[in-house]
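This report goes through one protein chain, from its overall dimensions down to single residues. Please keep the sequence and the coordinates at hand while reading.

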Amino acid sequence: MTTPNSGCPFHAATATEAIVHAEGAQLDFSRSMSYGDYLQLDTLLNAQKPLSPEHDELLFIVQHQTSELWMKLMLHELHAAIAHIAQDQLPAAFKMLARVSKIMEQLVHAWDVLATMTPPEYSAIRPYLAQSSGFQSHQYRCLEFALGNKNPAMLQPHAHRPDLLAQVRAAYAAPSLYDEALRLLARRGLPLPAQHLERDWTQAHRPDAAVEQAWLSVYRDTERHWDLYQLGEKLADLEDAFRLWRFRHLTTVERIIGLKRGTGGTGGTSYLRQMLDVVLFPEIWTLRTAL
């Protein structure tokens with residue numbers, strides 16, 4: 001049964017107004033900080049500057065800007081997790097690593113939105129991108145380096161910006177998440193070769209049977225090494241999510257541009273296919289065969 005005027009917009013508006021007043025909601029922000037003030041929404045929402053007259057360019061910009069925001073949070077969490085592992089503070093690190101994996105899930109689903117852009121729609125805005133490409137994201141490069149995928153050539157795209165180059169170079173020279181995990185295993189008494197404990201951190205980790213044996217000791221005696229076992233699984237979760245992100249990146253690019261070269265000069269899908277083969281924490285995966 002409906003009340004008189006229940007379908008009337010004016011009636012609904014006055015009812016909503018009554019609820020707002022009854023709840024005591026603050027409505028005057030002339031002398032206090034508002035939601036928009038706190039989030040600096042004027043700056044944020046004015047950061048989208050399409051260069052073309054095309055309707056779909058805003059989607060492309062928002063997709064990549066929001067990805068950069070998520071990557072900012074990922075780096076915040078990942079750096080803190082690495083520091084906690086270095087200090088043997090695993091519970092806090094587990095929470096942070098779980099959050100990074102969840103952020104990766106968000107980024108995976110973000111490709112679903114960009115995939116609504118068709119090849120003709122992208123072709124219309126592509127000339128306006130010039131040579132800009134996600135390949136040049138300094139945050140993404142810091143993320144790759146923090147996860148152990150070290151490549152000195154990836155410093156070069158940032159050489160024109162000393163401030164960004166300093167950030168990327170610091171990530172390149174620092175121990176990765178996996179490096180700190182291995183040093184933790186050694187501190188817990190698991191036998192690990194010295195070259196994995198103090199080395200040139202600019203070099204990517206290379207698979208080692210001795211490292212696999214250390215992880216196997218953890219996985220074969222989970223009660224004794226419960227927190228290290230949980231660390232191994234958090235690493236597996238993170239790499240699993242990262243692989244899904246890379247795969248969806250590949251399929252979205254192939255769906256939109258086919259086999260064309262990328263705007264940044266890479267082979268496009270051919271480059272992305274090669275990235276699918278990069279393994280960040282190799283022994284975490286190979287131990288499963290040996291178990």
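What radius of gyration does the protein chain have, and what would a compact globule of 291 residues have? The chain has 24 Å, while the globule would be near 19 Å.

## Model and confidence

The model is predicted. Mean pLDDT over the protein chain is 91, and 92% of the residues reach 70 or more.

## Secondary structure and dimensions

The protein chain holds 13 helices and zero strands. Read from the N terminus, the order of elements is α-α-α-α-α-α-α-α-α-α-α-α-α.

The C-alpha trace spans about 75 × 50 × 40 Å along its principal axes. One separation within the chain can be set beside these spans: Pro 157 and Leu 291 lie 134 residues apart in sequence, and 42 Å separates their C-alpha atoms.

## Burial, contacts and surface

Of the 291 residues, 40% count as buried.

The accessible surface amounts to about 16500 Å², and carbon and sulfur atoms account for 58% of it. The chain carries 27 positive and 32 negative charges, and the mean positions of the two sets are 5 Å apart.

Helix 13 covers residues 282-290. Its buried residues are Pro 282, Glu 283, Ile 284 and Leu 287.

His 225 sits in the loop between helix 10 and helix 11. Is His 225 buried or exposed? Its relative accessibility is 9%, which is under the 20% cut-off, so His 225 counts as buried. Apart from neighbours within four places in sequence, the contacts of His 225 are Leu 190, Ser 217 and Val 218.

Pro 157 belongs to another loop, the one between helix 7 (138-146) and helix 8 (162-173). The relative accessible area of Pro 157 is 23%; because this lies between the cut-offs of 20% and 50%, the residue is classed as partly exposed.

## Positive phi outside glycine

Gln 40 is a residue other than glycine with a positive phi, near 50°. Its position is the loop between helix 2 (35-39) and helix 3 (41-45). With a relative accessible area of 54%, Gln 40 is over the 50% cut-off and therefore exposed.

Asp 88, likewise not a glycine, has a positive phi near 60°. Asp 88 is placed in the loop that joins helix 4 (57-86) and helix 5 (90-114).

Technical notes:
Residues numbered from 1 in each chain as written. Predicted model: local features only at pLDDT ≥ 70, side-chain atom pairs only at ≥ 80, totals over all residues. Heavy atoms only, no water. pLDDT = per-residue confidence, 0-100. Helix = DSSP H or I, 4+ residues; strand = E, 2+ residues; numbered from the N terminus. Rg over C-alpha atoms; globule rule 2.2 N^0.38 Å. Buried < 20%, exposed > 50% of the residue type's maximum accessible area, 1.4 Å probe, protein only. Areas by Shrake-Rupley, 256 points an atom, 1.4 Å probe, with all protein chains shown as cover. Lys, Arg positive; Asp, Glu negative; His and termini not counted. Charge placed at Lys NZ, Arg CZ, Asp CG, Glu CD. Contact = heavy atoms within 4.5 Å.
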